[in-house]
Structures are given as structure tokens and as C-alpha cells.
Number of protein chains: 2
Amino acid sequence: MSVTVIATICRMTRWEPDPRGRLEKAAMELYRERGFEQTTAAQIAERAGLTERTFFRHFADKREILFAGATQLQDLVVSAVASAPDSATPLEAAIAGIEAASAMLEELRGRAFARQRQAIVAASPELRERELDKLAALAAGVAGALRKRGVGDPGAALMGDIAIAIFRVSFERWVARRSGPGLTELMGESMAELRALTAEEPLVVDAPA
Amino acid sequence: MSVTVIATICRMTRWEPDPRGRLEKAAMELYRERGFEQTTAAQIAERAGLTERTFFRHFADKREILFAGATQLQDLVVSAVASAPDSATPLEAAIAGIEAASAMLEELRGRAFARQRQAIVAASPELRERELDKLAALAAGVAGALRKRGVGDPGAALMGDIAIAIFRVSFERWVARRSGPGLTELMGESMAELRALTAEEPLVVDAPA
DNA sequence: CGGGTGATGTCAGCTACTGACGTCAGAGTA
DNA sequence: TACTCTGACGTCAGTAGCTGACATCACCCG
């Protein structure tokens, strides 16, 4: 009822706008303040001026609220792989996909936001599991897009996993520092490592005498 | 009390032996019969002749009971990577790890068991998440073992992920059929694909005119 | 002005999981 | 034999994630 009163006073709208956004903001704040496990869905909803039931109408579960943009990222990656030039090798097409993701992450929210978010995720086993799930979906998306380009199995699936591995490793190095090389740049370095590690010729490791 | 009576009649032991094994068996049965989500922890415990509370003393959660052997598999993989010959390249050492895992899976339980288990896991999002978590732990284990061999970052992390990707892709192809090439053999094929896909020279894909 | 719609609130309920505490065989010890 | 201690389990009560059913009410459309 207090919500109705406020809404009536301020404007003629029944509820405050953008409930999803308010819930996301409240969740990020509380997860940072008290940790994911110590935060209840009811607390998030309360801070957003909503009820627990409404929380679960917007997000399938308590974890999902931190992965709201995952589907858009997935669509972006898939379409980037699909629209790579015909002359591109499977590896190049896959890399085009994760470079698109990289650009989106760097521009849309920035490194500082990614750092905060990653700290929350890293602190909770449940959230780490969910993140792996999203990355696996991304890998499957890349693999599917590669198959549409005529890449056969198991190569497509393998390439999808490899692309995501490069992305993951680079992303972790990127968020580990406040400044320094950009995500796209770090992905280039990881690519070079991949080439070196899978080369036919064994490399000489400088070993101590 | 009925438990006590039975135990007194049968033998002087207070409880039936191997509660963990009984719980695992009951869980596999019920997950197959009714599905993971439709099975409660209390039902599993009841079938095993135990209480729900005891279930959670043996397994951290309802998912974990399907991943009981994961830590042993992890130890096996890590020690296999560590004990690869000094002359082995990082890729070869990592492959030695997952080949050890492959041998263990083929011998210890067999393909039929793996098929049944995989069907259960594939049918439940929660279980798929947990599986990804175990695979990520495996990848991290391989990466750690590689670092001890002198492989630097981000190469070690990347190699760990790649090894697990090969393992995962091969495993999925292995359990997809009742007979045919063994897991180790399929891993060899996946390796060849990897080499082809990451080669410097672009391959010619036979494209329709 | 009346009815349909959609987003929300309210309430009741299930299940995963946990902490505290009681119980009792078996092992060790005198 | 008697005494204690420990470990594995049972019992009970409670929290929190999540869901279904139903009520409410601004808004839109005719």
C-alpha cells in the first residue's frame, strides 16, 4: 500500500519503472556488501521496493540475476561467427566471435564493472558453476555456428571449446588488473600461446641445470 | 528401532554395512526411474534404509552423489601429468593425464555404466552444471601440474582447458554409442582434429559451388 | 463507462539443507 | 567385569530457495 501511496503522490504510474534493473542493482550491492550466500532473495526484493515473489518472476533463480546479459552476449558471438568472411578458417571464425564478445564487454560496462562482478562470482561456488554453464553455452553456440559454416564434428565442438578457453583465460587476466593491455590484446597473446603449444615441433623449455 | 531389531536378528552389527554405496545405488535407480528433479533426498535415503539427515552427512548435496569418484579421477589425472617423461611437450603431458582418466573410466565401470550415468546428467540442468564444475576442476588440476613442470601462464591454463575439451568431446562420442572405437582411440582422433584446426596453413574446405 | 490485460502483492506449501542433541554398539582400558 | 569414549546414525526444529493459486488495480481499448 505504501507503494501505491508513493506512486499516487509522485505520478499516476502504479509502480516505479524498471523493476528488473532495480533488482539487478540491489543484488549487486548486497552481494558485494554481505556476500552471495548471506543475501536472501527477500532482502534483494526489499531493497528494490518489491516482493520476493516478484524477484522470482523476473529471474529464474538467485544466481541468474548476475547473468542477465548472457543471452545477448551469446547472440552477438553466434552472429559474429556466422558473419565471418568465407575465407576465414574455423579458428579465425571462432576468434571473430569472441573478439566481438570482448569488444562488447570492454565498451558496454568497462573493466571496473567486470572486476566487481568477477569478484562476486569467484567468491561463490554456486556462482562459479553458473558461470561455467554460461561459458559452455557460449562454446556450444560457437560450435553450432561453425557447423553451419560446414565444419564437421568433432572439430566444431572442439573449436568451440578452444575459443571459449582462450576467451576465459584472457578475461581472467584482464580483470585481474586495473589497467594494462585490453581484453582484445590479451586474446591475441593467448592465441600465440595456443599456436606455440599445439605446434608439431616441441619447444625447448629453458630448464635450470 | 526396526533397524535395530533387524540388525540384532541378522548379526550383532548395529547398522547394515556400506551406507554410502547403498545411497549411491538407490540414487542412481531413482534418478533413472523418476528423474533427478522428481526424486527427493528423503526417498533416496528411505530406499537405502537410512534417513534424509544421514544422506546429507555422506554427500554435500543432492547432486554430489553422482560425482562420488571425481576426486580420485582428479588425483589420477594430476599424477599422470606430473609423471610424464621430462621429454614430453606440455600437450603430450596433458594428454597423458586424460589418457589415464580414459583408461580408468573404460576399465573401472565400463561404457554401459557411463552411458546410464550420462543420460541422467544430460537430462538435468543442475547436474550438467555440476559436471561442468568437475571438468573445470580437472582442467585446473592439469594446469597446476603443468606449471610444476615449468610451463608458464597463460599457456598452462590454456593447455588444461584444451586437454579437457579433447576429453569431453571424445567422452561424449564414446557414450553416444553402445559399441565401436574405445575412448582412448576417440581421443586420438580428436587430437588429430585439434592439430588440423590450429595449423598455420588454412585447410581447404570442400564448399559447394 | 465497462471489460480485458499485465504486472504485482499475498498466502500457503514443498523441498534442499543445517544445527543441536539424543542414542547406542564397539573399542579401549583398568 | 565395569567404565568411558567415540563414531555413526536418528530425531527434531528451523531457514531459505522456489512455486502455484488467487486477488488487486492502473492502464488500455472499445
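Helix H3 (41-47), H4 and helix H7 (111-122) of chain A are among the elements that cover the buried residues of H2(A), where helices are DSSP runs of H or I with at least four residues, strands are runs of E with at least two, and both are numbered from the N terminus. The model is predicted: local features require pLDDT of at least 70 and side-chain atom pairs count only at pLDDT 80 or more, whereas totals for chains, interfaces and linings use all residues. Residues are numbered from 1 along each chain as its sequence is written, and chains are lettered from A and ligands numbered from 1 in the order in which they are written.

Helix H2 of chain A (residues 19-34) comprises 16 residues and spans 22 Å from its first C-alpha to its last, close to the 22 Å expected (1.5 Å times one less than the number of residues). Its buried residues are A:Leu23, A:Ala26, A:Ala27 and A:Tyr31. These lie on the same side of H2(A), because they cover an arc of only 130° around the axis, the arc being that of the directions from the helix axis to the C-beta atoms. On the other side of H2(A), A:Gly21 and A:Glu33 are exposed. A:Gly35, which follows H2(A), has a positive phi near 90°.

Chains A and B are superposed by a rotation of 180° with 0.0 Å of shift along its axis (RMSD 0.0 Å). The two copies are thus related as by a two-fold rotation axis. The superposition is by least squares on the C-alpha atoms of residues with pLDDT of at least 70 in both copies.

At the interface, 30 residues of chain A contact 31 residues of chain B, contact meaning C-beta atoms, placed from the backbone, within 7 Å. H9(A) gives the most to the side of chain A that touches chain B, with eleven residues. Of the 22 residues of H9(A), 19 are buried. The copies meet through the same surface, because 100% of the interface residues of chain A are also interface residues in chain B.

DNA strand C is surrounded by 19 residues, the closest being A:Pro19, A:Arg53, A:Thr54, B:Asp61 and B:Lys62; a residue is near the strand if its C-beta atom, placed from the backbone, lies within 6 Å of it. H4(A) gives the most to this surface, with three residues.

Note on methods
Contact = placed C-beta atoms within 7 Å. Buried ≥ 20, exposed ≤ 12 C-beta atoms within 10 Å, placed from the backbone.
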